[in-house]
Every structure is written in C-alpha cells, then in structure tokens.
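Welcome! Let us take a walk through this model together, starting with one pair of neighbours and then stepping back to the whole.

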Amino acid sequence: MIRESQFWLRIVVAVFAVWIFISVHAVYWPVIVSLIITFILIPVRDAVLKGVQRLTGRRIPVDAAILISFVVLILALVGITNSVLHPLVIQVNLLAANFQNLVDKTAALVMNFENSQTQLYIPDQVKGIINDFLVKIGNYGIDGVTNLVKSVFAIAGTVIEFFVVPIITFYFMKDGSKMVDCFVHLYPEEYRLQLDVLFDEVDRVLSSYIRGQLIMSCIISLLTFIGMWIMGVPYPMVIALLAAVTEWIPIIGPIVGAIPAILLGALVSPALAAKVLIFYIIIQQIDSHLIMPQVMGAVISLHPVAIVIALLMGGTLFGIQGMILTVPITAVLQIICKHLWFYNTYKTKAMNFYGKN
C-alpha cells in the first residue's frame, strides 16, 4: 500500500513538473525547438559513428559525432540561405509592397460574383463579413507578410535562447537516454518496465512524426513551387513556403495553404484559379495516398475528429504554434493514457517478471 501511494505521488509530482514547464514560456519553447533538432540530427550522428567505424575500424567519441552533425546542419542551412532565402526575401518584399492592392482586387473580385452572368446571390450579411475580413487582412497584412520569413526561420526569440538551444540540443543528443533512465529510476523497480515501454513508444512516435513531417513539407513545398512557377502564379516561392508551413497542420492546413494561391491565380484570370484549384486537389491526393503512407506509415493513430478537436483547442490556447504541436502532443497523451488505463496489467506482468517481492 505504501509503495502504491509512493507511485501515484510521484505521478502527481511529474504532472506538476510538466505543468510548471508549460507555464514558463521562456523555458518550454527552447526545449521544444531543441527536441525537434535532436530528432532531426540523431540519424546524422548515428550515420557519422557508423561511417567512421567502417572506414577506420575505430569508434570516435559521441561528442565528436555530435559536433560533426552540427556542422552538417550549419552547412545545410547556409546552402538553403544562399539558394532559397535571398530570392524568397525579394518576393516577400514585393508582396508586402503590393499587398493592399491585392486585397482591394480580391474584394472587388468577391463582390463581382454577384452579377447577371453568375446569377449568384450573396446576402448583405455575408458581404459585410467578407468586407470586414478583407479590411482586417489589409490592416495587418503588410506587417505580417514582412515578418513571415523571420517567423519561419527564427530559431528563438532572444539572443539568450539562440545560444541556449544548441547547448540543450547537444546534451539531448549525448545524454538523452541517461536523462530518461534517471527519471525511470525514480520509481520502484516493479514499475520501470512499464515506464521503459512508455518512453520507447513516445520516442518512436515523436521521432518518426517530426522527421516524416519535415520530409513531407520539403516535398510538398518543392512540388508547389514547381506547379505555381509553371502555371505563372505570382510569388511562387512565398506560396511554396506557406505550403511547407501549413503541411504541419493536419486536415485544415493544406486547405488554408491553398486559399492564397487560388486567390492570386484568380487575380490573373478565372482559368488560372481553376488550374490552381485542380493542382492543389491533385497534390493533396498524392500527399494523402502516396507520400504520407510511405513517409509516415501508421505513426499517429488518431481519429480525424479527435485531431480537429485538438487543433481547435491548440489554436485557441497557443495560436498557430499550438496547432502545429497539437498532433504530437495528443499522440503522446494517448500513449500515456493507454499505459495508465492498463496499469494493473503492466503491474501484474512486472511482478511476474521481477517477482512479487
């Protein structure tokens, strides 16, 4: 009975520690960013360790492999900056300078749907909502577009966080398993088997999800840029960047990413808007039936309704960042709830494995 009480007391302490962690903004964002970078760089670190051992027959220190992984990441970022960021900034500045004109044209385009040719009646209330929406876009659109690149490519919000993220990432890559073992060993021996299984599942789901989403975003962004460029849609790199970001938001993200492209196409011609719409439908079918099953597999086993509800909650609490993080957090909570629900089953297996004493 005492050991049972100690177990649940430690569970409460762990939940309380997580709550404090989430409540302190200056702490959890650097840790989350470091965790994402860690999952991305771990395969690079392992490849360096295996490659050097095959070539030299010796195993280099893990610290050296981690530093080489950082060098690879920096070189990749430099290459992306030189080849992509400069033309992207030019297009963002052009879009910002022309943004209000695009908003006015879009408002006129929407209002022109109600004419004698289309026979489409738009109620005055709907017109008012559309006008208010476009006015709000015009009010903050220029600042939002100007800061888009900064929002996407910034690693952290302050200089201190900028230096903290690499340090945390280094120790996550070096001592991540030791940190987990230290936490697991806070609990009695008969519970450690279940906790090991829980952390293994969380690690598998998060690592597969983050790497898979990164690959999918790159593929969708590249396909979108090629399609927009071939069809002659204005600002193809900005649209591709938007597609890469919204790819991280399941279900509704691709729809949100398609709307600006369709509107920009409609400002050129209705035929181009139709082509863009068809293009996005084809891209989403390819993404859903070819890319996602190959890259992600069955990593996240959440019902679409649960995902939509979680997206609404995450967006309400934390904005766009909350919507991006909603699915992995919900998946982790699902794993934790599963293990707590079958707690007695795991306890019986552990007792049979370690002995009743």
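Is the crossing of helix 8 and helix 9 left-handed or right-handed? It is right-handed, a word used when the near helix is turned clockwise from the far one by less than a right angle, with anticlockwise giving left-handed.

Before going on, a word about the model: it is predicted, so local features need pLDDT of at least 70 and side-chain atom pairs count only at pLDDT 80 or more, while totals for chains, interfaces and linings use all residues. Residues are numbered from 1 along each chain as its sequence is written, and side-chain values use heavy atoms, leaving out hydrogens and water.

Two packed helices are described by the angle between their axes and the distance between the axes. Helix 8 (residues 189–231) and helix 9 (residues 236–246) pack at about 155°, and their axes are 8 Å apart. Here axes are lines fitted to C-alpha atoms over the stretch in contact, and angles run from 0 to 180 degrees between N-to-C directions. The two helices are therefore roughly antiparallel, the term for angles over 145 degrees.

Now follow the chain to the next partner. Helix 9 and helix 10 pack at about 165°, with axes 8 Å apart, which makes helix 9 roughly antiparallel to helix 10. Their contact includes Ile239 and Leu242 of helix 9 and Pro260 and Leu264 of helix 10.

Ile239 turns up again in the largest nonpolar core, which has 23 residues; Ile239 and Met228 are among those that touch the most other members. Such a core is a set of buried Ala, Val, Leu, Ile, Met, Phe, Trp, Tyr and Cys residues joined through side-chain atoms within 4.5 Å, where buried means under 20% relative accessible area with a 1.4 Å probe, protein chains only. Helix 11 (270–295) is one of the helices that supply at least two residues, and its share, 6 residues, is the largest. Apart from this core lies another of 17 residues, including Phe39 and Trp248.

Finally, step back. The protein has 13 helices and 0 strands, helices being DSSP runs (H or I) of at least four residues and strands (E) of at least two, numbered from the N terminus. Of its 357 residues, 33% count as buried.

Conventions: Angles under 35 degrees count as roughly parallel, over 145 as roughly antiparallel, 65 to 115 as roughly perpendicular and the rest as oblique. Buried means under 20% relative accessible area, exposed over 50%, partly exposed in between (1.4 Å probe, protein chains only). Contact means heavy atoms within 4.5 Å.
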